[in-house]
Amino acid sequence: MESERQRPLVQMLGITKSFASVRANRGIDFDVFAGEVHTLLGENGAGKSTLMNILNGLYQPDAGSIRVKGRECRFSSPREAIAAGIGMVHQHFMLVPVLTVWENLVMGLPGLKAVLPKRDVIRKIGELSDRYGLDVEPEAQVWQLSVGEQQRVEILKMLYRNAEVLVLDEPTSVLTPQEVRRLFDTIRQMTAEGHGVVFISHKLDEVMEISDRITILRSGEVVETLPGRMATREMLAEKMVGRKIVFAVDKAVLNPGDTVLEAEGICALNDRGLPAIRNLSLSIREGEILGIAGIAGNGQKELCEALTGLRPIHFGRVLLRGKDMTGRKPMDFLQAGVSYIPADRKGTGLVGAMNLRENFALKNFWRKPYARGPFLSWESIAGETGRIVERFGVSAPGLGIPVRNLSGGNQQRLMLGRELSGTPDLIVAMQPTWGLDVGATEFVRDQLLRQRERGAAVLLVSEDLEEVLALSDRLAVIHKGEIMGMVEDPRSASEEELGLMMAGIRREPAIEGEKAR
Amino acid sequence: MEILVPILSAAIRSGTPILYATLGEILTEKAGVLNLGLEGLMLLGAFSGFTVTMVTGNPWVGLAAAFCVGMAVSALHAFLCVTMGANQVVSGLAITMFGTGMSALLGKAYVGETIRGLGILPVPLLAKIPLLGPVLFNHDPLVYLSYVLVGLACWFISSTRWGLTLRAVGENPRAVDAAGLSVVRLRYAYTMVGGGLAALGGAYLSVVYTQMWVEMMTAGRGWIAVALVIFGIWNPLRAALGSYLFGGVGALQLRIQAAGTTIPAPLLLMLPYILTIVVLVGISVRKGKGILLGAPAALGQPFHREERD
Ligand SMILES: Nc1ncnc2c1ncn2[C@@H]1O[C@H](COP(=O)(O)OP(=O)(O)OP(=O)(O)O)[C@@H](O)[C@H]1O
Ligand SMILES: [Mg+2]
């Protein structure tokens, strides 16, 4: 029994993996013991997901070995990894949207009965849900679930397969603060029962709260492994990035100028044709950041799209510098100097199969010097793309590779670079620091503040309350497509009050204030 | 009522070859592979079914041979699309051209020959039911086999573990891979079975329906099957209804011709194809989100494990 405790559940030795010219992992040693949370920390592209994909059998290492409870293993597929007790919840979920929760859970399960034993499965899901606090409706189809619920399905899927080691790749970046609390309770319950957990996150507070040990990666190599309780924010950030990070946002005091954007009582529908934005009004002036806080799925995406011409507006008007833009095409908005940073960088933001240059050209093909008559000037496109890559620190082996091969964080940097490199009049940014490491987050916030100082109007939509509070000059809380209240001085707002508005309780006086403006 | 019986019965018979091909394509597409080679596979099936029946004198051997030829040729499609990651539309069109040309070339010598194919075999008792009996149960065995296959396919897809993985691999192959199943093996299997069924549909035309071989005898039925998959929203039962509808229109126009009308025959011959276009337009117009209409989300996309998307 004693030796069981001292022997790691999983041990990875000298793992090396390259993709073409990128050396994603170089000689990494990593282990997990029963009952512990071992965190992997590192910048975007440091090689965290790659290492865990190797442990999961999805990628084959070029060199190195894996031991499970002391026994040497080679995983040529995820099935072999899960049979050895290793389960992974990926950064991008591996669920089938049109199948129900229980169908997703048993899909591909070895030894499953020929005719699907629905009732047994649902009962077992119930047991697991109760034990680990992972409640979901087993008969719901996955596309109907919120992201947090989908994540619970992924975790259940691994527990259902008796995973002893559970790898969670950036599980919290898609969750609301309440959901993060629930996830942590689940993780604690799992370690108490002897599971080992590998946790990946860019949020240092979370890392310090949940980790027993922390391993820091930089450029595919292990920098250090240290006990969680000894860590501080500053120290972790410095080890990860290799320089000191300033956490405080340094915001200049500005007097906002002319009104850039005005939305008057707009209404818009969501993709399913249901009302998503109801009679919403707001305005932003030059040199001002208007923050929009709210729980995911309360119309944020639809609002951003309505304000950038991507979604039809059914009632109300959108004015840009006093000019009525209602019903105009996205191109008109683009030409009027509107930049849009969407939350789904893989869908609306970038085209995965296109290379860096082409992705830059997608939003700039219409203007000089990138367009020369009916032709594109690839020279100037390549030149500007190169400058963006440099200035925004996109780590990529070349401008000619498809962007899907970049790590998530690097895709985000490229998109931000494209949207912020010009002199936009209005920037609509949705979750701009989603999935970014601390260094990159600092950089993006800095860029947004610089645009503000330059005189741009910024609409910052984020579920990260801390972020909107730190950056915004004014703050609105959105709930079910309506603004619940406007906070004129975000730094003085109490979290409790904001929490109430996020839950749908209106703050009347602020509405009056907004009307009077 | 009575006058409808021959038309409905003919609808079933002429719908059956299309039904086999449609069923096959549903399985293939559910696995995420688009096979536009149906027309070519049907022709190869019609030809090989006919010749093997002629040589062996046994229609069942001929039908089995056609099924095997369909499997072999669609294995080529799977190799190109699944293993090599080639464009599925191009590969499918190539299969159609290959099948059309090959069956015409090899079949030259057999034009005009006849065989003793499968005959009518009324189902005891059931065939006696008024109206329903003569319409549904006064046919050849392959029609009955298609009834069984439709029911089996519905049950297989919705209620068995293999059906579950079939649905999943066409929706999100990454999830299937992560669950530890071989996407490649699944896609090969269903592409081959689907191709076999399409060829069997073709063989029905030569071995059962006409009992002779005519160049290009499928006359676009393979393409109608491709359209019917969409019409049937990837559901075998709806696909069967669609097939019989098209079979019925075909049978009806024959009857109208036979009755002697002033409508030019080519116009009547066009009816089933015009109906195809109308149906496709109708479906596309009321199309909302793909997720609700049942098109497999990963249809037509090759899968590579180490490539991100
Ligand atoms: N399938 C692939 N093909 C080509 N390059 C890849 C592939 N997967 C990863 N890489 C490269 O390997 C490096 C490490 O990527 P990885 O996804 O492991 O980073 P990460 O630490 O998880 O970053 P993030 O925090 O952004 O998720 C990156 O430079 C990335 O571009
Ligand atoms: Mg990652």
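A salt bridge is taken here to be a side-chain nitrogen of Lys or Arg within 4 Å of a carboxyl oxygen of Asp or Glu. By this rule, 1 salt bridge is found across the interface of chain A and chain B in the predicted model, and it joins the side chains of A:Glu103 and B:Arg167, with N to O at 3.1 Å. The structure is a predicted model, in which local features need pLDDT of at least 70 and side-chain atom pairs count only at pLDDT 80 or more, while totals for chains, interfaces and linings use all residues. Residues are numbered from 1 along each chain as its sequence is written, chains are lettered from A and ligands numbered from 1 in the order in which they are written, and side-chain values use heavy atoms, with hydrogens and water left out.

In the contact (heavy atoms within 4.5 Å), chain A takes part with 38 residues and chain B with 28 residues. The area buried between the two chains, that is, the accessible area (1.4 Å probe) that two parts lose on being put together, summed over both, is about 2,800 Å², and carbon and sulfur atoms give 60% of this area. On the side of chain A, the residues that lose the most area to chain B are A:Met94, A:Met107 and A:Arg404, which together account for 20% of what that side buries.

Within chain B, B:Thr276 is buried, with a relative accessible area of 10%, where buried means under 20% (1.4 Å probe, protein chains only). Apart from neighbours within four places in sequence, B:Thr276 is in contact with B:Ile224, B:Ala227 and B:Phe246.

Key: Buried < 20%, exposed > 50% of the residue type's maximum accessible area, 1.4 Å probe, protein only.
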